[in-house]
Amino acid sequence: MQGFLQKLLSRGAYPSALLLAPVLGFVAMNLGAHPGLVLVATTVATIAFVALLERAIPYRDAWTHNHGDVATDSLFGVSSLLVPALWRGVADGLGITAATFLPSGLWPSELPIVVQVAIAFVIADLGAWAGHRLVHRVPLLWRFHEVHHSVRRLYWLNSQHFHPLDLTLIHAASVTPLLLLGVGPEVLVLAASLSTVNALFQHCNARVEAGPLNWIFSTAQLHRWHHVHDADYGHANYGAGLIVWDVLAGTRRLPTDAVPDDLGAQPFPRRFWQQLLRPFSNKEVSR
Ligand SMILES: [Zn+2]
Ligand SMILES: [Zn+2]
C-alpha cells in the first residue's frame, strides 16, 4: 500500500500541481479574490506540498540534511520577492507599457482565458530561456548567475537562490514582452503561478518522475543536470518552464546515469552578504 502511494505521488504530484494551480487560481479570481493574493496563496500551497513530498519520497537522502545553507537560501528567498516589484517600478518609470510603445489592443483578450494563459506562459518562458542562456554565455553576467549555481544540493528553498541583479535581468527578459503586449492581471497571475509551481518542483528533492513531460516541461529530472559542475551538462537545459526551447536548440540533456552528489561551483563563499558581493570581486569564476 505504501509502495503504491509513493508511486502515485511520484508520477501524479507534478502534473496534478501544474493543472490544479491555474484552475484553482481561475476559480478563486472568479469568486472575487485579488490576483496578487491568488499568486501568494498558490506559492504558499505549492511550497507546503513540495516540502511534504520531499519528506514522503526524498530523491537524495544526503540532500535532506541542512548543509549550513538554510539561512542563506532563506535570505535569497526574501530578496527574490522584491525583484518583481522592483522591475515593475523600473518598467513603470521607463514607461514600458503597451500604451507608450505599441498600438493598444495587441493582446488577444477576446480569446478564451485558457488560450491567453498558454500564450502568455510561452512568451514569458521564451524570454526567460533566452535570458538564462545569455547569463551563461556572457562572462560578466555569469559572475552573477554563478551564485545560483553555487548551491551544493537541490531542495525547494533554493529555487529562489539568485543574485538580485541576475534575477532582475531574467525576470525582465521574461515579463517585459507581456507588459508591452498589455496582458491583463488575471492572465499574468495564472501564467506566473504556472512558472512558480514549475520552479519549486524543478528544484525539489523529491523523487518526482515526469515521464513524457520531460520533453515538454523543464522538470526536476532535467534541471538537476543543469546544476552539475561538468560544463557539458551545466551549460544545457536552460528552460525555466518549458524544455522545448532546448530541444529545438540542441541543448537538452537527460543522461541515464545518477546525478552526482556534489553540485555546483566550489569553493564558493557560503554567507548571503559574501555571495551578494562575490560578482564584484576579482575572484576567478568557476567555468
Ligand atoms: Zn543556470
Ligand atoms: Zn536552478
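In the predicted model, the zinc ion (ligand 2) is coordinated through the NE2 atoms of four histidines, H148, H203, H223 and H227, at 2.0 to 2.1 Å. Along the chain these donors follow the spacing H-x54-H-x19-H-x3-H. H148 is located in the loop between α6 (139–145) and α7 (164–181), whereas H223 belongs to helix α9 (residues 220–226), so that this pair ties together parts lying 75 residues apart in sequence. Both H148 and H223 are buried. The angles subtended by the 4 donor atoms around the zinc ion (ligand 2) run from 94 to 150 degrees, and the arrangement is therefore irregular; for a tetrahedral assignment, all angles would have to lie between 85 and 135 degrees.

The largest nonpolar core of the model comprises 35 residues, and those with the most contacts inside it are Y14, L53, F201 and V208. Two or more residues are given to this core by each of the helices α1 (2–30), α2 (35–56), α5 (113–137) and α8 (185–202), with α8 providing the largest share, 8 residues. In soluble globular proteins, nonpolar side chains tend to be buried together.

Definitions and conventions. Residues are numbered from 1 along each chain as its sequence is written. Chains are lettered from A and ligands numbered from 1 in the order in which they are written. This is a predicted model: local features need pLDDT of at least 70, side-chain atom pairs count only at pLDDT 80 or more; totals for chains, interfaces and linings use all residues. Side-chain values use heavy atoms; hydrogens and water are left out. Donors are N, O and S atoms within 2.8 Å of the metal (3.2 Å for Na, K and Ca); water is not among the atoms, so sites may look incomplete. Four donors count as tetrahedral if all angles lie between 85 and 135 degrees; four count as square planar and six as octahedral if opposite donors are over 155 degrees apart and all others between 65 and 115; anything else is irregular. Helices (H or I, at least four residues) and strands (E, at least two) are DSSP runs, numbered from the N terminus. Buried means under 20% relative accessible area, exposed over 50%, partly exposed in between (1.4 Å probe, protein chains only). A nonpolar core is a set of buried Ala, Val, Leu, Ile, Met, Phe, Trp, Tyr and Cys residues joined through side-chain atoms within 4.5 Å.
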